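Hi,

Here is the structure I promised to pass on.

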Amino acid sequence: MAKIAVIIGSVRQGRVTDKLAKWVNQEVAKTAESEIVDLRDYPLPFFDETIPPRYNPERKLTPDVQKWVSKMGQFDGYVFVTPEYNRSIPGVLKNAIDSLDNGLVDKPAAIVAHGSTGGAQAVASLRITLPGIGLVSLPNALFFSDGVGDAIDEEGVIKAEFQEGPYSPQSQLEGLATAIVKYAEALKSVRA
Ligand SMILES: Cc1cc2nc3c(=O)[nH]c(=O)nc-3n(C[C@H](O)[C@H](O)[C@H](O)COP(=O)(O)O)c2cc1C
């Protein structure tokens, strides 16, 4: 069974992204081994190494960075759940990505974004960044405006009105979950 990480891209107090991630994780968990990876559990220093990690076989890792790199290396695919901050992704998420090495090469990533204007620039920004560490960025992405947090309860269930119809958020999430699991299985052979 494919192992999928659902990454919470915000560490802000009072954040909304964790509720979205819970909703996403529950859907992915129907067909894969899915796990939320919360950046709050991986506090990292600002990246300041002399050589990009992907090109540094002699890299010496501090325990904090090692914990993050090892965790992220365990998965076959990733769903980044991120807010848009200042027309991009939060700095904490970019720093966490910059801290990764070759461990994610040829693995797939899908994106779920939100923001007061829908998160499109966070998606665009992340799609530029992810191939930098070798991830394969899928066409699938979900976009939400402010208020999405109110639509999802503490258990990660989205309100009934958002579950109806082929273009509902729930249907779109099902499509994204199907795609990330499918690509996670398929790209195993690319890495073999
Ligand atoms: C510093 C900051 C910058 C933001 N910039 C944008 C932005 O450029 N575009 C946008 O659509 N929303 C923007 N927002 C709104 C956030 O995307 C929205 O508040 C979202 O809920 C934040 O996610 P979080 O609560 O999980 O941190 C910004 C919010 C913050 C805190």
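Below is what I found, going from the whole chain to single residues.

Please keep in mind that this is a predicted model.

**The chain as a whole**

The chain holds six helices and five strands. Read from the N terminus, the order of the elements is β-α-β-α-β-α-β-α-β-α-α. The C-alpha trace spans about 55 × 35 × 25 Å along its principal axes. The radius of gyration is 16 Å, which agrees with the value near 16 Å that a compact globule of 192 residues would have. Of the 192 residues, 40% count as buried. If you take the contacts between residues at least 6 apart in sequence, 82% of them join residues at least 24 apart.

**The core**

The largest nonpolar core has 54 residues, and the members that touch the most others are Ile4, Val6, Val24, Val79, Val81 and Ile180. Helix α6, residues 169-191, gives the most to this core, with seven residues.

Setting aside neighbours within four places in sequence, Val81 is in contact with Val6, Ile7, Ile8, Gly9, Thr17, Leu20, Ala21, Val24 and Val112.

**Around the ligand**

Which residues are closest to the ligand? They are Ser10, Arg15, Thr17, Pro83 and Gly115, out of 15 residues that surround the ligand. By type, the shell divides into three nonpolar, seven polar and five charged residues.

You will find Ser10 in the loop between β1 (3-8) and α1 (17-28). Is Ser10 buried or exposed? It counts as buried, because it has 24 C-beta neighbours inside 10 Å and the cut-off for buried is 20 or more. Beyond four places in sequence, the contacts of Ser10 are Arg15, Thr17, Pro83 and Pro90. Ser10 and Asp38 are 28 residues apart in sequence, with 8.3 Å between their C-alpha atoms.

**Helix α4**

In helix α4 (residues 120-129), the buried residues are Ala122, Val123, Ser125 and Leu126. Seen down the helix axis, these buried residues fall within an arc of 165°, so they line one face of α4. The background is that an α-helix has 3.6 residues a turn, so residues three or four places apart point the same way. What do the buried residues of α4 pack against? Their partners are β3 (77-83), β4 (108-114) and β5 (136-144).

Most residues other than glycine have a negative phi.

- Arg87 has a phi near 65°, a positive value in a residue other than glycine. Arg87 is in the loop between β3 and α3 (91-98). With 12 C-beta neighbours inside 10 Å, Arg87 counts as exposed.
- Asp106 also has a positive phi, near 65°, and is not a glycine either. Asp106 lies in the loop between α3 and β4. Asp106 is partly exposed, because 14 other C-beta atoms lie within 10 Å.

Happy viewing, and best wishes

Note on methods: Residues numbered from 1 in each chain as written. Predicted model: local features only at pLDDT ≥ 70, side-chain atom pairs only at ≥ 80, totals over all residues. Near = placed C-beta within 6 Å. Nonpolar A, V, L, I, M, F, W, Y, C, P; charged D, E, K, R; others polar. Core = buried A, V, L, I, M, F, W, Y, C linked by C-beta atoms within 7 Å. Helix = DSSP H or I, 4+ residues; strand = E, 2+ residues; numbered from the N terminus. Contact = placed C-beta atoms within 7 Å. Rg over C-alpha atoms; globule rule 2.2 N^0.38 Å. Arc of directions from axis to C-beta.
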